[in-house]
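Biologist: I have not looked at this one before. Can you walk me through it?
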Amino acid sequence: MNIIQHYDKLIDDENDPFRDPQILQDHMDKWDGQLFVDSMLLDKTKRVLEIGVGTGRLAKKVAPNCLGFTGIDISPKTIERAKENLCYLDNITLICADFLDYRFEQTFDVVYSSLTLMHFENKQRFFSKTDSLLKSSGLFCLSIDKNQDRFIDMGDHKIRVFPDTLENTFDLLKSTRLYVEKITEKEFAHLMVLKKH
Ligand SMILES: C[S@@+](CC[C@H](N)C(=O)[O-])C[C@H]1O[C@@H](n2cnc3c(N)ncnc32)[C@H](O)[C@@H]1O
């Protein structure tokens, strides 16, 4: 099974973190949460991009606090669900495409991503593209999952992932214009705030 099939199947199976009960949403916060959202320094002048928007779990906290919100996701069923979940917001654009291939027509003040970097085998391209999409002095807020498993195993199927570490991420950042502003540790992830110089 590939990434698209995996995430489409989660929607078919009614697995939607946006609609989870509060106790499960609190669990997901262990990868990001309000601390992560606060690190974006949002205000109503900012244009924001989420890489791997999923069904809108974080977008619902971010989009109401910025000028324009764009979310991109590779899974068609996930993006359709995000459109349903976020339909009450009038400042959002949701795109179904591979982040590495899509040609964006704008740059952003803030780019963020959580629970998604492990899906990218070519992380250098991920960071270069993010760099190119950020305005000067823009922020990239990244949650780096501590999990080092090389597969997501769902029992009936599994998909390959490419785990990250802080050390590897520092190396990859050397060829970008993104500089570390702050690193915070949460139970399941490191939260990195990078600024474009
Ligand atoms: C674990 S989910 C996280 C969703 C959301 N960020 C959250 O934390 O609730 C990872 C998401 O990344 C998306 N994704 C994986 N590879 C992608 C790619 N190359 N381009 C765009 N989206 C991708 C998947 O379809 C999936 O919805």
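**Cysteines and ligand**

Modeller: C66 is buried, at 2% relative accessibility (buried means under 20% relative accessible area, exposed over 50%, with a 1.4 Å probe and protein chains only). This is a predicted model, where local features need pLDDT of at least 70, side-chain atom pairs count only at pLDDT 80 or more, and totals for chains, interfaces and linings use all residues. Residues are numbered from 1 along each chain as its sequence is written, and side-chain values use heavy atoms, with hydrogens and water left out.

Biologist: Is C87 buried or exposed?

Modeller: C87 is exposed, and its relative accessible area is 61%.

Biologist: How many disulfides does the structure hold?

Modeller: It holds 0 disulfides, a disulfide being a pair of cysteine sulfur atoms within 2.5 Å.

Biologist: New topic, the ligand. Which residues come nearest?

Modeller: G52, R57, D73, D98 and F99, out of 19 residues around the ligand (a heavy atom within 4 Å).

Biologist: What does D73 do there in terms of distance?

Modeller: An N or O atom in the D73 side chain is 2.5 Å from an oxygen atom of the ligand. For E50, a polar side-chain atom lies 3.0 Å from a ligand nitrogen atom.

Technical notes. Polar contact = N/O pair within 3.5 Å; in protein donor to acceptor, adjacent residues only side chain to side chain.
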